[in-house]
Amino acid sequence: MVKMEIENNNKPKLISLFSGCGGLDCGFKDAGFVTVYANDFDADAQAVYTLNLGEIDGRDILTVSEEDIPDGDILTAGFPCQPFSNAGDRKGVHDSRGMLYKECMRIIEKKMPKVILFENVKGLLSTKYIDGRKLPDVIIEDLSIIGDVGYNVVYDLLNAADYGVPQNRQRVFFVGVRKDLGVNFSFPDKKPKENLALKHVLDIPEDIPNQTHWEYSPQALEMVEQISEGGSWKDVPYENLAPRFQRIRDNMQKYRSPNFYRRFSREEINGTITASAQPENCGITHPTENRRFTIREIARIQSFPDNFVFIDDTTKNTVAMYKVIGNAVPPDLAKCIAESIMNQVFLGGSLCQ
């Protein structure tokens, strides 16, 4: 992808909804966009966003009037993923959070930016709307007829590791381009998976901030100490497992062979970093040390640059950072998509590969 140079006053303006700590906005900034409005209700995410990217509106989006939001060229939204996540109850649109994309639609209809981008978890693709239709079909239909012109919408399930992020993390992206622009958007080509293994990520100079970690509970630590590099809970002798793990081990087929307490090796690309940072749910354990990854290590696994700082002055803040980083869109993935949008929509495709 060819790098773009655009004067500050000519940069496309970004409206960022459900911004989190700023992973998506960080990538779009690097690609030449300027954020004119950001919003997120989570106080921990707000604090990190303000520290790194600037002002953010902390109000509940339900209370934000369209008139409070400046006009923009692109609107992005990573609306809450929990209702659609495989790790959650999968209530989908029956969960009140699952309808928050309708708040995005309200604002889009008023602002009609040139481009919209939605990001969410893989589970959204199999979610049904309240009338039985597939939710992706509903989103596409809603966007295709909104306003006077509507949007041409495409979506794809992307793995962050295919775009330079040292993490196997699948997320679905919807990109809509206003129909009057005559652009059919194409997602960027995949990149070679070079230098993405953990051994390329974990060598961090001592002067880089946020090298603190959230201590494991004594029970979790006892499990972790029995797991070898590249292994999981299946390394633990049966007699050393807690009763509930023994029950699962007794009937692996029933429980679909879960891979709890995964400890990725230095030669592997790490799995998805989740907001909960619990060893049962994600590969959060260091390959060779009996601890969680540090805040900086998971930030690197999410592709945040080392000058993007987090708040770890108390144990409470340290725990909160795992949440906000796990919820973020990897900046390098965001940048790849943003560059494609920049080239295809705002630069007329002249720099597209």
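Colleague: Is lysine 114 buried, exposed or partly exposed?
Modeller: This is a predicted model, and in it lysine 114 has a relative accessibility of 27%. Buried would need a value under 20%, and exposed one over 50%. Lysine 114 therefore counts as partly exposed.

Colleague: Which lysine meets the side chain of aspartate 73 in a salt bridge?
Modeller: Aspartate 73 sits in the loop between α2 and β3 (74–77), and its partner is in the loop between α3 (101–111) and β4 (115–121), 41 residues apart. The N to O distance of the bridge is 3.2 Å. The partner is lysine 114.

Colleague: Is aspartate 73 buried or exposed?
Modeller: The relative accessible area of aspartate 73 is 16%. The limit for burial is under 20%. Aspartate 73 is therefore buried.

Colleague: Which residue forms a salt bridge with glutamate 268?
Modeller: Glutamate 268 is partly exposed, at a relative accessible area of 25%. The closest N and O atoms are 2.7 Å apart, and the partner is arginine 262.

Colleague: How many residues apart are lysine 323 and aspartate 42?
Modeller: The side chains of these two residues meet in a salt bridge, 2.9 Å from N to O. Lysine 323 belongs to helix α8 (residues 315–327), while aspartate 42 lies in the loop between β2 (34–39) and α2 (43–52). The pair links distant parts of the chain, and the separation is 281 residues.

Colleague: Which residue is linked with Asp42 and Lys323 in a network of salt bridges?
Modeller: Lysine 323 is partly exposed at 26%, and aspartate 42 also has 26% relative accessibility. The network that links them has one further member, Asp44.

Colleague: How many salt bridges does the count come to?
Modeller: A pair counts when a side-chain nitrogen of Lys or Arg is within 4 Å of a carboxyl oxygen of Asp or Glu. By this rule the count is 23.

Colleague: Are α1 and α9 parallel, perpendicular or oblique to each other?
Modeller: Helix α1 (residues 23–30) packs on helix α9 (residues 331–346) with the axes 7 Å apart and an angle of about 45°. Roughly parallel would need under 35 degrees, and roughly perpendicular 65 to 115. The two helices are therefore oblique.

Colleague: How many residues of the contact of α1 with α9 are nonpolar?
Modeller: The crossing of α1 and α9 is right-handed. Residues making the contact include Leu24 and Phe28 of α1 and Ala334 and Ile341 of α9. Two of the contact residues are polar and two are charged, and the number of nonpolar ones is seven.

Methods: Residues are numbered from 1 along each chain as its sequence is written. This is a predicted model: local features need pLDDT of at least 70, side-chain atom pairs count only at pLDDT 80 or more; totals for chains, interfaces and linings use all residues. Side-chain values use heavy atoms; hydrogens and water are left out. Axes are lines fitted to C-alpha atoms, for helices over the stretch in contact, and angles run from 0 to 180 degrees between N-to-C directions. Helices (H or I, at least four residues) and strands (E, at least two) are DSSP runs, numbered from the N terminus. Angles under 35 degrees count as roughly parallel, over 145 as roughly antiparallel, 65 to 115 as roughly perpendicular and the rest as oblique. A crossing is left-handed if the near helix is turned anticlockwise from the far one by less than a right angle, and right-handed if clockwise. Contact means heavy atoms within 4.5 Å. Ala, Val, Leu, Ile, Met, Phe, Trp, Tyr, Cys and Pro count as nonpolar, Asp, Glu, Lys and Arg as charged, and the others, Gly among them, as polar. Buried means under 20% relative accessible area, exposed over 50%, partly exposed in between (1.4 Å probe, protein chains only).
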